[in-house]
Amino acid sequence: MKKIFLIFFCLSVILIAQNNNPEITSGEIKDHITYLASDELEGRMTGTPSLYKAADYLKKEFESYGLKPLFNGSYFQEFPFIEKLELGTNNFLSIELKNGITPGGRDVKLKDEFIPLSFTDNQTAISELVFAGYGISAKDLNYDDYANIDVKDKIVVVFRNHPDMKSPHSKFEQFSSLRYKTTNARDKGAKAIIFINTNDKKDDPLIELKYDNAAKITGISVVQVKRNLLGFIQFENLQQEIDSTITPKSYQIESNIKCQISTEVNEIQGKSVNVGAYLEPVNNKFKDEYLVIGAHFDHLGWGTENSLYTGTPMIHNGADDNASGTTGLLELAEKFASNKDKINRKILFISFSGEELGLLGSSYVANNFPLPIEKDIAMINMDMIGRLNDKNDLIVYGTGTSSKWKNILDDKNDYDFTLTFNDEGFGPSDHSSFYGKKVPVLFFFTGTHSDYHKPSDDVDKINSNGEEKVLKYVYDVASTIVNSDARPDYISVARKETGNMTGTRVYVGTVPDFAGDVDGYKLGGVTDGSPAAKAGLKAGDIIIQFGDKKISNIYDFTYALGNFVPGDKVNVIVKRGDEQLNVEIVLGSR
C-alpha cells in the first residue's frame with residue numbers, strides 16, 4: 001500500500017511539474033484560454049456562478065505558483081454592483097377625461113401598453129399633457145420644441161428619434177438620445193415624459209427594461225406608451241409636418257384630459273469578485289514599493305448586454321477579450337515566481353471582474369486598495385493580446401504617463417514588433433482606474449477584430465505563438481520597471497474630452513468614476529493643469545449642478561457641456577464628503 005502511494009505521489013509531482021512550466025509557452029497559453037473560454041464557464045458574466053468558477057481557477061493557479069493572497073489573507077475581494085433592474089409594485093398610468101372616462105375605455109396594461117424606462121425616478125406625476133415634438137432644444141440648429149410652450153409641472157409627450165431621419169449624417173442625431181430628451185424635459189420643468197414611437201417603428205414595440213450602467217435621472221418619471229393609447233393626438237400628421245419643415249409643432253393638449261403616471265424601477269444589487277495575489281521578492285530592496293500587473297477576466301456571458309451580435313442569445317466565450325489577458329497574467333505570475341530572487345520590489349497580480357460593465361472591479365480595487373496606493377510605482381494592463389497579426393502590430397497605451405516608458409519599450413523590443421504608441425493614460429480598460437490615482441500605466445493590446453463582442457471570439461482564433469511573444473516582451477518590460485533604481489515618474493497627460501452635444505471641443509479635465517452609484521457625476525480623477533484642477537476639483541468629488549443644469553449622472557454632465565463653448569465661466573456645485581462647494585470653472589478647449 002505504501003509503495004502504491006509512493007508511486008502515486010511521484011506521478012503527481014511529475015504531473016504538477018509538467019503543468020507548471022515556469023517558462024512562458026504557447027502550449028500553456030492555449031491550455032489556459034481553452035478552459036477560460038470554454039462553454040463550461042458560459043462567458044464569465046460578472047457576478048455569475050460561472051465567473052466565480054473562473055475565479056477559483058485563478059486562485060488555484062496563484063496558489064500553485066507560491067503567490068500569497070492579496071486581500072487580508074484572501075485571494076478574493078468581493079464588491080457590490082447593480083446586477084439588474086426590476087419593476088416595482090407602484091407602476092401605474094391612467095389617462096382620463098374630466099368626466100372620469102378613460103379614452104378607449106381600457107385599462108392601461110403594464111408591459112403590454114406602457115413601460116417605465118430604466119432611468120426613471122420613482123415618483124408620481126398628475127397633470128395635463130403637452131405635446132413637445134421630438135423634445136429637442138438645439139440652439140445651433142435654430143430648433144426648439146419647447147419654444148413658446150409652458151411645461152412646468154406638466155407631463156410632456158415626445159417622439160423618439162429626430163425630425164431629420166432622412167439625412168444619414170444629420171446634426172440632429174446627437175440630440176436623439178432618450179436620456180438627453182429626459183434631462184432636457186426635466187430642466188424645462190416637466191414632472192414626467194412619455195415617449196412615443198415614430199411611425200417608422202414596426203409594430204410599435206416597447207423598450208426593453210434593462211440597466212444601462214448609469215444612474216437614474218432624478219426628479220422626473222419616464223415611460224413609453226403605445227401610440228394608440230393617445231389616439232386623441234394626431235401623431236402621423238404632426239410627425240409629417242415636423243419632418244417635412246424641420247419646424248416644431250408643439251402645443252398644449254386639451255385641458256379636459258388629465259394624466260397620472262407612477263413609476264417604480266428598483267435596482268437589484270449583486271456581488272462579484274476580483275482575484276489578487278502577490279509575490280514577495282527574496283531581495284526586498286524597496287520593501288514598501290510594488291508593481292501591479294492586471295487583466296480583467298469577465299466577459300459578456302450569453303451576450304444579453306453589450307454584444308454586437310444580433311441573433312438569438314449565444315455564449316460569448318471571450319477568448320481574446322479577455323481570456324488572453326487573463327492567461328497572460330497567469331503566465332507572468334508563474335514566470336516571475338520562478339525568478340523571485342531577481343526582483344527588487346513586490347509584484348501584485350490582480351484579475352478584475354466588472355470591466356465590461358464599466359471598470360467596476362478595478363475601480364473598486366483602486367478605491368479599496370490593500371496597500372498604500374501611493375507606493376504603487378506603475379500598473380501594467382493586458383486586454384485582448386491574443387490576436388497578434390502577421391505584421392507584428394502591437395499597440396501600447398499610456399506611453400506618455402512616464403518619461404521612462406518609450407525608452408524602455410523601444411530598448412526591450414527584441415521581438416520585431418511594429419509598435420504603436422498612445423500617450424493617454426485614461427482609456428477603455430482597467431489601467432484607467434489606476435491612472436486616476438496618479439499611477440503611471442502601460443496597456444498592451446493587439447487590436448480589435450470582427451469577432452469583438454461576438455460569440456465567434458473563440459479559442460480557435462487565438463494566435464498562441466504570437467501571444468507567447470507578446471508576454472515575453474511584457475515580462476522584459478515589467479522586469480526593467482520592477483528592478484529600476486528609481487521609481488518611474490508620473491506625468492499627467494491631457495485627456496480628450498469634448499462637449500459632443502454641440503460639436504464644440506470643450507475641455508474640463510474630469511475623469512468619471514464608473515463605479516460611483518450616486519446622485520450626480522462622481523469623479524475618479526482630475527487631469528493636472530486642467531480647468532477642473534484649476535478650479536480645485538478632486539477625485540471623489542460629486543458634481544450635482546453644472547451651470548443651471550442639475551446633474552444626476554455622467555450623461556447629464558455630457559449634455560450640460562453642450563450648452564457651453566471654450567472660455568465660458570461656469571458655476572458648478574460639488575459635494576465633497578458632507579460639504580457642498582460652489583466653484584467656478586473656466587472651460588478650456590482642444
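**Exercises on helices and sheets**

Helix α5 (residues 235-245) lies across β6 (129-131), β9, β10 and β12, and runs at about 65 degrees to β9. Axes are lines fitted to C-alpha atoms, for helices over the stretch in contact (heavy atoms within 4.5 Å), with angles from 0 to 180 degrees between N-to-C directions. The model is predicted: local features need pLDDT of at least 70 and side-chain atom pairs count only at pLDDT 80 or more, while totals for chains, interfaces and linings use all residues. Residues are numbered from 1 along each chain as its sequence is written, and side-chain values use heavy atoms, with hydrogens and water left out. Helices (H or I, at least four residues) and strands (E, at least two) are DSSP runs, numbered from the N terminus.

**Exercise 1.** Determine the strand order of the open sheet formed by six strands, and identify its edge strands.

*Solution.* Step 1: the order is β4-β11-β10-β9-β6-β12, with mixed pairing; two strands pair if DSSP finds at least two bridges between them. Step 2: β4 (114-116) and β12 (251-252) are the edge strands, each pairing on one side only. Step 3: β9 (residues 155-159) and β10 (residues 192-196) run parallel and are joined by five bridges; V158 stands opposite F195 in β10. Step 4: helix α4 (residues 178-187) lies across β9, β10 and β11 (221-225), at about 145 degrees to β10.

**Exercise 2.** Locate the buried and exposed residues of helix α2.

*Solution.* Step 1: in α2 (residues 26-36), the buried residues are S26, E28, I29, H32, I33 and L36. Step 2: they cover an arc of only 160 degrees around the axis, which puts them on the same side of α2; the arc is that of the directions from the helix axis to the C-beta atoms. Step 3: the exposed residues K30 and D31 are carried by the face turned away from the buried side.

How values were computed. Buried < 20%, exposed > 50% of the residue type's maximum accessible area, 1.4 Å probe, protein only.
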